[in-house]
Each structure stands twice: as structure tokens, then as C-alpha cells.
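Please read the following account alongside the sequence and the coordinates. It goes from the overall fold to individual side chains.

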Amino acid sequence: CIGPKTSDMMLEKDPSASPDSSTKKGNSYSKEQVMDIIKKAAKQYNIPEGTLLATAYMESPSFNHRAKSYTGARGVFQFIGKTGRAYGMRTDADFYDPNKNVDAGARLFIKNEKAVRGVTRRISPKNEYLIYVAHNQGQGGMRQIYSSARSGGRKKVSATVLKNMKAQGRIVRASMDKYPGNPAKGFLSHFSKKWRIVRRKF
């Protein structure tokens, strides 16, 4: 999480995330194979299949298990090093192995879902995108952003969280700028709209 606990933070990958050359030595998985792995993980952990698929798609639109972002996030769920290691991934091969990466992503999803329930009381189609926000910004970051937006901007996010919000790119910053007194609202507005578009695919 961001704030009290920064290790859970996952910055959204650069849209131009490219395969890392070190993964060429490993097995190659097709988009369909990776999707099947995600579906099996959803069933194993009793997670709504469409929600887990959408979360993975938000991170890796082509379900590219070899993707690596400019931040160093790797694999289907774009784990950064510290968070990935907390979920049992040690080597590059682990991060790029869709079986290991997706299993870690599903386990993290459960924790993120619990964190969202803690601030919304229940998950609904209108707020399930917050699960992705927790994946992207960490559970603590999600809580700060949600609280700030709900307060009309009176409650400010920390400088670290604000920096990580802005690091999501020009489009996100433009959305935040539409609400100069409440940038958290603009941030959530962007990801809420993006989530609805992606969610319709699954």
C-alpha cells in the first residue's frame, strides 16, 4: 500500500510496455492460454471471473505474460519486485511465468477486495473498479484517494500518493486537472470510466 505501507503499490504500466529479452528463454503462452490460467485462478479462489480478467486486462491489455513496464513491473499483473517477492516470486522467470504471476495476482485481488469492502461496505458494479485502484495504487493509496474524493477534496492525500497518482500519465493528470480542488475525484473518474469499458469485454 501507499502511505502507511508502500510495498503493495503497483504503478500502472506504460501502454508501450514491451517484452523483456530475458523471457525469451522461457515458455511462450498465447493470449487464450493466459486467459484460461486466469479463469482457473478465479475458480480456485472463488473470485468473479470477469472481475479478475478485467483487472489483468487493465494491467496487460493483450494478456502479455512477458510485458515489462518502464517502472520495472513485470508479467500479467505487472508486479513490482518487492510486492512480487512477498507473493513468492523470486526470479525473472517467476515474474514472467503466468501460472505464478496470476496466482499471486488472484491472492492480492482477495486482499484488495477486502480493503474496498472496508471503505464501501459492499462491492457493487459501480465501485468494483476500486479493486483495480487498490492494485494500481496500493490499498492504503486507494483508501486515501477514495476518502479525499468523498470529502470533496477537503481531506488531502499524502504527497507520495499524489505523486503516484500523477505518475499514471498525461491522460490521468488531465482528468485530475478538471477538478483542481479535488484531484482525487478526477483520478477516480478516469479509472471508473476505463474500468466500465474494459469490464464490458468480460
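The model is a predicted one, in which local features need pLDDT of at least 70 and side-chain atom pairs count only at pLDDT 80 or more, while totals for chains, interfaces and linings use all residues. Residues are numbered from 1 along each chain as its sequence is written, and side-chain values use heavy atoms, with hydrogens and water left out.

Of the 202 residues in the protein chain, 53% are buried. Buried stands for under 20% relative accessible area, exposed for over 50%, and partly exposed for what lies in between (1.4 Å probe, protein chains only).

Phenylalanine 63 sits in the loop between helix 2 and strand 2 (67-68). Its phi is near 55 degrees, a positive value in a residue other than glycine. Phenylalanine 63 is buried, because its relative accessible area is 2%. Glutamine 78 belongs to the loop between strand 2 and helix 3 (81-86), and its phi, near 50 degrees, is likewise positive in a residue other than glycine. With a relative accessibility of 0%, glutamine 78 counts as buried.

Phenylalanine 63 returns in the aromatic contacts. Ring pairs link Tyr57, Phe63 and Phe202 into a cluster. Rings of Phe, Tyr and Trp (its six-membered ring) pair if their centres lie within 6.5 Å; planes under 30 degrees apart are called stacked, those over 60 edge-to-face, and the rest tilted. By this rule there are six aromatic pairs. In one of them, tyrosine 57 and phenylalanine 202 have ring centres 5.6 Å apart and planes at 65 degrees, so the pair is edge-to-face. Tyrosine 57 lies in helix 2 (residues 49-59) and phenylalanine 202 in the segment after helix 10, so this pair ties together parts that are 145 residues apart in sequence. Tyrosine 57 is buried at 19% relative accessibility, whereas phenylalanine 202 is partly exposed at 28%.

Which side chains meet in salt bridges? The structure holds five salt bridges, each being a side-chain nitrogen of Lys or Arg within 4 Å of a carboxyl oxygen of Asp or Glu. Among them is the one between aspartate 94 and lysine 100, at 2.7 Å from N to O. Aspartate 94 is buried, with a relative accessible area of 11%, while lysine 100 is partly exposed at 41%.

Aspartate 103 and arginine 107 form a salt bridge with an N to O distance of 3.0 Å. These two residues are separated by about one helical turn, because they are four residues apart in helix 5 (residues 98-120). Aspartate 103 is partly exposed at 21% relative accessibility, and arginine 107 is partly exposed at 29%. Glutamate 113 and arginine 117 form another salt bridge, the closest N and O atoms being 3.7 Å apart. They too are four residues apart in helix 5, so about one helical turn separates them. Here glutamate 113 is buried at 17% relative accessibility, and arginine 117 is partly exposed at 39%.

Phenylalanine 109 is also placed in helix 5. It is buried, with a relative accessible area of 2%. Its C-alpha atom is separated by 7.3 Å from that of histidine 135, a residue 26 positions away along the chain.

Lysine 193 lies in helix 10 (residues 183-199), and is partly exposed with a relative accessible area of 45%.
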